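Please keep the sequence and the model at hand while reading.

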Amino acid sequence: MNVFVGAIAFGIVSASIIAIASVGFTMQFGVTNVLNLAYGDVMTVCAFLAYDAYGGTHSLPVALATGAAAGAGLSWFLSKYVYRMFVRHGTNLVGMIIVTLLVAVIVQNVLLAFVGGEFRVLSISAGSNFGIGAFRFTSSQLFIVILGVVLMLLVQTLLHRTRLGKAMRATASNSVLAQASGVRTDRVVDAAWLISGLLCGLAGVVLVMSTTAFETTTGSSFLIVVVAAAMLGGVGNPTGAMIGALVVGLVSSITASYTNASYQYVFAFGVLILVLLVRPWGIFGQAGAAKEVTG
């Protein structure tokens, strides 16, 4: 029983990290229809910058702020000066996937040239243990969970309580109609990339906080889990991404506790396959006509 409870607690922490990353990923995709496969490598860049910031200041807020700012800035730059150029030349969805994959390879190799192939460790103290009901968390784990919950609440508030959120949902639904209705879709797209990048940067920092060591491929490896959570909930649906992250985090953690940890995501992907067989568009996704990419 203690093993199961411990697995649930660790699964909640994992789900919080996955949720931060997958919500940013799916929000940007929902607005632009660009499947950004460079997302994981941007996470890694932000993790290294946060690592340097923490090494110089020993301040976690500074590290988080550095990661968030780097993620927002790099994502906006890639959107504005790389992806948008291809979108305006009529590159379709499949073509944009190839473009983002090439960008991912470039970012990863540029990062490797600057930082080398050595592993790094973000040495942040785990802190005291806290008991919440039957669950026990270290202070760093509890911080990650609280940060995840706060960010998810902020995203929901943004999408459903603000003009920007309504404009983002309108653009995601039909960018042509939204533009005809007076929505500045270009500004909405910029905002989507900035918010997505901010969440991407924060996810990169909390990911390396919870891992033993990280290197230049850490983010790209984690991207598989992020995409799985987004697909499970319904790609383009932030609420669905949160639920998908919770399912993936809990299933992988529980199975890792009772089987070989190397197979922890196999069972989560099995759940994903079963769900997609019943609902090909995900738990909260909606079937609809194909969309064009939006720049």
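A residue counts as buried under 20% relative accessible area, as exposed over 50%, and as partly exposed in between. By that rule Val121, with a relative accessible area of 43%, is partly exposed. The model discussed here is a predicted one.

**Nonpolar core**

- The largest nonpolar core comprises 81 residues. Within this core, the most contacts are made by Ile20, Val23, Met43, Tyr83, Val103, Val206 and Phe222.
- Helix α8 is the element that gives the most to this core, contributing 13 residues.
- Which residues does Ile20 touch, not counting residues up to four places away in sequence? They are Tyr39, Leu147, Gly148, Leu151, Met152, Leu199, Leu202, Ala203 and Val206.

**Aromatic pairs**

- Six aromatic pairs are present in the structure.
- One of them joins Phe77 and Tyr81 in a tilted arrangement, with 5.4 Å centre to centre and 45° between the planes. These two residues are four residues apart in helix α3 (residues 60-88), so about one helical turn separates them. Phe77 has a relative accessibility of 42% and therefore counts as partly exposed.
- Tyr83 and Trp193 also form a tilted pair, because their planes stand at 35° with the ring centres 5.4 Å apart. Since Tyr83 belongs to helix α3 and Trp193 to helix α8, this pair ties together parts that are 110 residues apart in sequence. Tyr83 and Trp193 are both buried.
- A cluster of Phe48, Tyr51 and Phe214 is linked by ring pairs.

**Second largest pocket**

- The second largest pocket holds about 470 Å³ of space.
- Its lining consists of 17 residues, and those nearest the pocket centre are Leu207, Thr211, Phe222, Gln264 and Tyr265. Two or more lining residues come from each of the elements α1 (2-32), α8 (185-210), α9 (218-233) and α11 (264-278).
- How many nonpolar, polar and charged residues does the lining of the second largest pocket have? There are ten nonpolar and seven polar residues, and no charged ones.

**Cavities**

- The structure contains two cavities of 30 Å³ or more.
- The residues that line it are Met43, Thr44, Ala47, Gly204, Leu207, Val208, Phe214, Thr218 and Gly219. Helices α2 (39-57), α8 and α9 are the elements that give two or more residues to this lining.
- By class, the lining of the second largest cavity has five nonpolar and four polar residues, with no charged residue.

**Loop between α4 and β1**

- Val121 is located in the loop between α4 (93-115) and β1 (129-132).
- Beyond its neighbours within four places in sequence, Val121 contacts Tyr51, Thr212, Ala213 and Phe214. Tyr51 and Phe214 both belong to the aromatic cluster that includes Phe48.
- The C-alpha atoms of Val121 and Lys80 are separated by 33 Å, and these residues are 41 residues apart along the chain.

**Loop between α1 and α2**

- Leu37 is placed in the loop between α1 and α2. At 22% relative accessibility, Leu37 is classed as partly exposed.
- How far apart in space are Leu37 and Ala104, C-alpha to C-alpha? They are 6.5 Å apart, although 67 residues apart in sequence.
- Setting aside neighbours within four places in sequence, Leu37 is in contact with Ile97, Thr100, Leu101, Ala104 and Leu223.
- Asn33 also lies in the loop between α1 and α2. Asn33 is not a glycine, yet it has a positive phi of about 65°. With a relative accessible area of 8%, Asn33 is buried.

**Loop between α2 and α3**

- His58 is found in the loop between α2 and α3. Its phi is near 55°, a positive value in a residue other than glycine.
- Is His58 buried or exposed? His58 counts as exposed, at 59% relative accessibility.

Note on methods
Residues numbered from 1 in each chain as written. Predicted model: local features only at pLDDT ≥ 70, side-chain atom pairs only at ≥ 80, totals over all residues. Heavy atoms only, no water. 1 Å grid on protein atoms, 1.4 Å probe; cavity = no way out; pocket = protein on both sides within 12 Å on 5 of 7 lines; lining within 4 Å. Points joined across faces, edges and corners; volume = space filled by probe spheres on them. Nonpolar A, V, L, I, M, F, W, Y, C, P; charged D, E, K, R; others polar. Core = buried A, V, L, I, M, F, W, Y, C linked by side-chain atoms within 4.5 Å. Buried < 20%, exposed > 50% of the residue type's maximum accessible area, 1.4 Å probe, protein only. Contact = heavy atoms within 4.5 Å. Phe/Tyr/Trp six-rings, centres within 6.5 Å; stacked < 30°, edge-to-face > 60°.
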